[in-house]
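Dear colleague,

My notes on the ligand site and on one helix follow it.

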Amino acid sequence: MNNALDDFDRWVRTDFVELNTRLEEAYFAAGKQIERGVAELEALKERLALEGAELVRRAGPADAAPRDLDARYELLGSVGLYLGACRRHEVEGPQAAAWPLANFLASSLGVAPRFVFAHQALFNQAVGDRFRTFTSLEDERNFIVYNGLCVLAYQRTAAALRRIATLGVSSPLAAYLLREAHAGLGDVLDFSKTLSKNLDVDRFFLNIRPYFKSYRVGVAEYRGANAGDFAAINEIDVLLGLCSPNDPFYQAVLAEKYPYMPPEDQSLLRAAVLAEPLLDAFLRETATGSVTPQLRENTELFLAVCRRHGAASAYHHHRLVAPFLQAPAAHAPQEDHDDLTSSGPPLDVVVAHLGRLVDLRSAKARADAFGARASLDGLRDALAGGRS
Ligand code: HEM
């Protein structure tokens, strides 16, 4: 790292955190998402915006960007933390100094020029047990840690499922991988439960969520961050066969997400949509009439993995989105309703969209095409009818 980048990094890890935390404590004490027009707080906001602008300007694109791709992506995250904080405190102006560096890094990586959840959780070097955060609030740390653990557990699941293609669904090695996938999704559920127990609803709503809003970089507005911008969840959807890359609804989900994922996730997702879904492979093998003991065991494991994927998705919907976003939003002043969601549409539209994903992952029978209910029933029938 050059000296100017070192200085910027030091600031992001120290003064930046302190300024945000002081502002958050003041907002929280007032019971509001933001305080406007209070001289002392306006001075803190201005200091944050100007100090960051000066440091980013000195670290400018010409000599700044590290050659290593992970380090470049991480730097985009740090610049994004600064831009996200300016947006959160509704500061306009000085942060334009950071746009050229954000755009320069993003265009060389093929991603959106803003911070995303992967920057907070996965491309964020810890120093002395602290990684970069907006604030020093314990709730922010918990939120990032348990979300990050869920992402790692989803990635563990996807890595196991990905390997079955070269083994075949009746292989004894596939049984091991399906157990691994099942355990990974069990971890997703456990980490999600811990998050829902540890996170304070008001802190999340007033002091953490506002940093994930959409923000402008140059002439374009980029939608907000959410914990779903990683490939593994969608790899699991399509590798299991619960969601189809031929379903127009699901195609839109994937297409929208690519620029908000890390570069290597983009390649993983492209590969996943070309793979044969495991559901199709199980249907093909069980249709031959003879269901061997290994094929039976693997099919039962596969069905258990599908059920657990649906359960984890339903937990997100009913035990995270509902209490931490929908419930407090219902009591928030009307002026705060404009940007409650990271993707932009009103909250009820986003919740309906998430509900449709839950239904697909839980293989609920619905009128829309492309659900897996009928195929899963067919697979169960094949198990019931097949000789062992
Ligand atoms: C308090 C905790 C959480 C809340 C309130 C929450 C809320 C949301 C919301 C509102 C969206 C939709 C964003 C939009 O389109 O505007 C979303 C998407 C998503 N979130 Fe969360 N989330 C939480 C935690 C988590 C955790 C722990 C995970 C696990 C990795 C996760 C995974 C996802 C995924 C994968 C998506 C994309 C949609 C999908 O594929 O289902 N979220 N979340």
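In this predicted model, a polar side-chain atom of Arg361 lies 2.8 Å from an oxygen atom of the ligand. A nitrogen atom of the ligand is 2.9 Å from an N or O atom in the side chain of His316. Both pairs are polar contacts (N or O atoms within 3.5 Å). Arg361 and His316 are among the residues that come nearest to the ligand, together with Gly228, Ser342 and Ser343, out of 24 around it (a heavy atom within 4 Å).

By class, this shell has 16 nonpolar, seven polar and one charged residues; Asp, Glu, Lys and Arg count as charged, Ala, Val, Leu, Ile, Met, Phe, Trp, Tyr, Cys and Pro as nonpolar, and the others, Gly among them, as polar. Helices α8 (138-162), α15 (293-331) and α16 (347-361) each supply at least two residues, and α15 gives the most, with five. Helices here are DSSP runs (H or I, at least four residues), numbered from the N terminus.

Just after α5, Glu90 takes a positive phi of about 60°.

Residues are numbered from 1 along each chain as its sequence is written, and side-chain values use heavy atoms, without hydrogens or water. Local features need pLDDT of at least 70 and side-chain atom pairs count only at pLDDT 80 or more, whereas totals for chains, interfaces and linings use all residues.

Yours sincerely

Terms used: A polar contact is a pair of N or O atoms within 3.5 Å; within protein, one must be able to donate a hydrogen and the other to accept it, and residues adjacent in sequence count only if both atoms are side-chain atoms.
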